[in-house]
Amino acid sequence: MNDSRQDPLDRCRQRVAYLEARLTGLLDSITDGFLMLDRGWRFTYLNQAA
């Protein structure tokens, strides 16, 4: 199919990937250590300073 319209799920996945990259860039730019935990107290994110 050579349609210029894109599958809505593909657009959503691309948007999520874009926002994830922006958030990671922002969190990695923080010079202090930063971490995120989930509800089970497991690490879900550590920036480079942490």
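Let's start with a definition: a residue is called buried if its relative accessible area is under 20%, exposed if it is over 50%, and partly exposed in between, using a 1.4 Å probe and protein chains only.

Before going on, a word on what you're looking at. This is a predicted model, in which local features need pLDDT of at least 70 and side-chain atom pairs count only at pLDDT 80 or more, while totals for chains, interfaces and linings use all residues. Residues are numbered from 1 along each chain as its sequence is written, and side-chain values use heavy atoms, with hydrogens and water left out.

Back to Trp-41, which sits in the loop between S1 and S2. Helices (H or I, at least four residues) and strands (E, at least two) are DSSP runs, numbered from the N terminus. Strand S1 covers residues 35-37 and strand S2 covers residues 43-46; they run antiparallel, with 3 bridges joining them. Two strands are said to pair if DSSP finds at least two bridges between them.

What nonpolar feature do Leu-35, Leu-37, Trp-41, Phe-43 and Leu-46 form on the surface? Together they make a patch with about 580 Å² of accessible area. Patches are made of residues with over 30% relative accessible area and no salt bridge; like charges are joined within 9 Å, and nonpolar side chains (Val, Leu, Ile, Met, Phe, Trp, Tyr) within 5 Å. The areas themselves come from the Shrake-Rupley method with a 1.4 Å probe, and for residues only the protein chains shown count as cover. S1 and S2 each supply at least two residues of this patch.

Thr-44 is also worth a look while you're in strand S2. Its relative accessibility is 47%, so Thr-44 counts as partly exposed. Setting aside neighbours within four places in sequence, Thr-44 is in contact (heavy atoms within 4.5 Å) with Met-36, Leu-37 and Asp-38. Thr-31, by comparison, is 13 residues from Thr-44 along the chain, with 19 Å between their C-alpha atoms.

Now for the charged pairs. How many salt bridges does a search of the whole structure find? The search turns up 2, where a salt bridge is a side-chain nitrogen of Lys or Arg within 4 Å of a carboxyl oxygen of Asp or Glu. One of them links the side chains of Asp-38 and Arg-42 at 2.9 Å, N to O. Asp-38 is partly exposed, because its relative accessibility is 26%, whereas Arg-42 is exposed at 55%. In the other, the side chains of Arg-13 and Asp-10 meet at 3.9 Å, N to O. Both residues lie in helix H1 (residues 8-29), 3 residues apart, about one turn of the helix. Here Arg-13 is exposed, with a relative accessible area of 52%, and Asp-10 is partly exposed at 33%.

Staying in helix H1, you'll find Tyr-18, which counts as partly exposed because its relative accessibility is 44%. The C-alpha atoms of Tyr-18 and Leu-35 are separated by 21 Å, with the two residues 17 apart along the chain.

Finally, jump to Asn-47, in the segment after S2. Is Asn-47 buried or exposed? At 4% relative accessibility, Asn-47 counts as buried. A polar atom of the Asn-47 side chain lies 2.9 Å from the backbone oxygen of Asp-32, and the side chain also reaches the backbone nitrogen of Phe-34 at 2.9 Å. Polar contacts like these are pairs of N or O atoms within 3.5 Å; within protein, one must be able to donate a hydrogen and the other to accept it, and residues adjacent in sequence count only if both atoms are side-chain atoms. Not counting residues up to four places away in sequence, Asn-47 touches Leu-27, Asp-28, Ile-30, Asp-32, Gly-33 and Phe-34.

Of those, Gly-33 lies in the loop between H1 and S1. Beyond its neighbours within four places in sequence, Gly-33 is in contact with Asn-47, Ala-49 and Ala-50. Gly-33 and Arg-11, on the other hand, are 22 residues apart in sequence and 33 Å apart in space, C-alpha to C-alpha.
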